[in-house]
Amino acid sequence: MAASCGGLGWALRAFPRPAWRGTHSGARGRLMPEYDAVVIGAGHNGLVAAAYLQRWGVNTVVFERRCVIGGAAVTEEIIPGFKFSRASYLLSLLRPQIYTDLELKKHGLRLHLRNPYSFTPMQEEGTGGKVPRSLLLGTDMVENQKQIAQFSPKDAQAFPRYEEFMNRLVSAVDPLLDTVPVDMVAFQCGSLLQRLKSLSTLKPLLQAGLTLGAQLPQYYQVLTAPITKVLDQWFESEPLKATLATDAVIGAMTSPHTPGSGYVLLHHVMGGLEGTPGAWGYVQGGMGALSDAIANSATAHGASIFTEKTVAKVQVNSGGRVQGVVLQDGTEVRSKVVLSNASPQITFLKLTPQEWLPEEFVGRISQLDTQSPVTKINVAIDRLPNFLAMPNAPGGQPLPHHQCSIHLNCEDTCLLHQAFQDAMDGLPSHRPMIELCIPSSLDPTLAPPGCHVVSLFTQYTPYALAGGKAWDEQERNAYADKVFDCIEAYAPGFKSSVVGRDILTPPDLERIFGLPGGNIFHCSMSLDQLYFARPLPLHSSYRCPLPGLYLCGSGAHPEKNITWSCAILTIAGGGVMGAAGHNAAHVVFGDLKSM
């Protein structure tokens, strides 16, 4: 097929096909002039918020700029016959309460759980007729220890203790994801009743401290130290440390040597699906099927969802309170509240009239760190990659390692750091960190028979290139060719199997999905932009200085979008968590009841 299809010539622009649409391109009935709540953006968080509000009797409408719902959680048929999770591509972090409350299984969500889940092949010469080594990790601890023992028997013995240590931290932090951060404004400046109510938000923090107990200092180090320092205390083998470290830097413009990178690792080990802790999976039909299920839940209770309806401005009445939105075509839609699933930057710097926001607030929003290292490449292939470290079966059917997150150029943490250093110099990494996933290995509906779709989550690529260069077609293709050359070294024949590709650099991710700087989390997951400092200190309760306007997207606590990727609280990945939408809906509903 590769030859007949013209190989690499099958690029995205050669096929101006419509997006893979859900059933919500036209909402039930016509657009009404007034609703209780308007949600800007039909990303997964916006859909979650709308679904909850509508279930509680709040008449809610969602406006989406694109022709497809889901934000970054979309399925698009970029190349005829090949359906891609174009941005986020893995599921693990979706909150169990959301899965249950919104009855997502009833509304069509089907999952393919992965086990094993991580495969790191080595680039080395086989000896004595043996293939190169690899590290394959899954849910079987005994088998994991056998795999790790190839590189270090000492590490194999330490690994169960490490997992137990991390799981205890997860059990402490996990409840914080489903609660509103401590309301520091109410705590400091509110009435006596407001101060007393804000005390209740301290309970999850206190409970987390009790769970960690006397080991709190060690856990504090995990959250604040470089991930290399944390892993060096546990392990000696570079393949294991580098594999684990990928989860600490994926999606973030940080090195394994950057302080605080351990926190991102935590996000990547927090997930679970269908009652299985730590499980990662592919969504049947791609990530857009998850967004469709959430939207189905919302519309089943009466919510309205409109695509190709761009919100141009948030309307404010003379009393300084939100009163609705104005669409790009001039249509005015009134509402009591507005929830924005857009980034903090778009919400407060573009959609909200600046005269209604404090100057200091606007200034700090404009200074949010949005650096992103990610270039996502979606690839159509006519046969499975054949890795030297684990050759394909004679019949070409998928093997266990094909369902994994496959880590390339990840044999050593020094490789990850050097890739980061390249980006700091304004250059795409010479040897990029690559996470390769093949969702069609478990879901054959995504590609024609015998063919597959491949997701390449790569870094590090700077938003702005050195020397004032732009990410034009030549630069995009040069970087993608470099990535393909790297894959070819691990799996000869990969390049000749390629039918087509879709290259999304940081500017592309910003333009298509509205991700500032291409950042999949809307703003960086650094310690100064988390919990009650997300997006800003004193503004982490989903409310903002303008009454009636709320933030419900990934720029609010606790969201990590992605998984974008597989290991990241992941959040890699991504992950698609929905907690920001869930928490914001609770805050909005409480405020509506008191109005």
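## Basis of the values

The model is predicted: local features need pLDDT of at least 70 and side-chain atom pairs count only at pLDDT 80 or more, while totals for chains, interfaces and linings use all residues. Residues are numbered from 1 along each chain as its sequence is written, and side-chain values use heavy atoms, with hydrogens and water left out.

Helices (H or I, at least four residues) and strands (E, at least two) are DSSP runs, numbered from the N terminus.

## Helices α1 and α18

Two packed helices are described by the angle between their axes and the distance between the axes. Axes here are lines fitted to C-alpha atoms, for helices over the stretch in contact, and angles run from 0 to 180 degrees between N-to-C directions. The axes of α1 (residues 44-55) and α18 (residues 579-594) come within 7 Å and cross at roughly 40°. That angle makes α1 oblique to α18; angles under 35 degrees count as roughly parallel, over 145 as roughly antiparallel, 65 to 115 as roughly perpendicular, and the rest as oblique. The crossing of α1 and α18 is right-handed. A crossing is right-handed if the near helix is turned clockwise from the far one by less than a right angle, and left-handed if anticlockwise.

On the α1 side, the contact (heavy atoms within 4.5 Å) is made by Asn45, Val48, Ala49, Tyr52 and Leu53. The α18 side supplies Ala579, Ala580, Gly581, His582, Ala585, Val588 and Phe589. By class, the contact of α1 with α18 has nine nonpolar, three polar and no charged residues. In this scheme Ala, Val, Leu, Ile, Met, Phe, Trp, Tyr, Cys and Pro count as nonpolar, Asp, Glu, Lys and Arg as charged, and the others, Gly among them, as polar.

## Helices α13 and α14

The axes of α13 (residues 344-351) and α14 (residues 359-366) come within 10 Å, crossing at roughly 135°. α13 and α14 are therefore oblique to each other, and their crossing is left-handed. Pro344, Gln345, Phe348 and Leu349 of α13 meet Phe361, Val362, Ile365 and Ser366 of α14. This contact has six nonpolar, two polar and no charged residues.

Within α13, Pro344, Gln345, Thr347, Phe348 and Leu351 are buried. Buried means under 20% relative accessible area, exposed over 50%, and partly exposed in between (1.4 Å probe, protein chains only). What covers the buried residues of α13 includes β1 (37-40), β12 (311-316), β15 (337-340), α14 and β21 (549-551).

## Nonpolar cores

A nonpolar core is a set of buried Ala, Val, Leu, Ile, Met, Phe, Trp, Tyr and Cys residues joined through side-chain atoms within 4.5 Å. The largest such core has 58 residues, of which Ile148, Tyr162, Leu231, Phe235, Leu240, Tyr460 and Phe513 touch the most other members. Elements giving two or more residues to this core are β7 (134-137), α4 (153-173), α8 (216-224), α9 (227-232), α10 (238-249), α15 (413-424), β18 (433-437) and α17 (506-513). Helix α4 gives the most, with nine residues. A second, separate core of 43 residues includes Ala50, Leu91, Ala303 and Ile305.

## Backbone exceptions

Most residues other than glycine have a negative phi, and most peptide bonds are trans. The peptide bond from asparagine 115 to proline 116 is cis, with omega near 5°; proline 116 lies in the loop between β5 (111-113) and β6 (118-121). Another cis peptide bond joins glutamine 459 and tyrosine 460, with omega about 25°. Tyrosine 460 lies in the loop between β19 (452-459) and α16 (473-490).

Glutamate 308 has a positive phi of about 55° although it is not a glycine. It lies in the loop between β11 (304-306) and β12 and, at 52% relative accessibility, counts as exposed. Asparagine 409, also not a glycine, has a positive phi of about 60°. Asparagine 409 is in the loop between β17 (405-408) and α15 and counts as buried at 2% relative accessibility.

Valine 314, in strand β12, is buried, with a relative accessible area of 1%. Leaving aside neighbours within four places in sequence, valine 314 is in contact with Ile40, Val322, Gly324, Val325, Leu351, Thr352, Pro353 and Leu549.

Lysine 482 is in helix α16 and is partly exposed, with a relative accessible area of 24%. Not counting residues up to four places away in sequence, lysine 482 touches Pro428, Ser429, His430 and Pro432. The C-alpha atoms of lysine 482 and proline 428 are separated by 9.6 Å, and the two residues are 54 residues apart along the chain.
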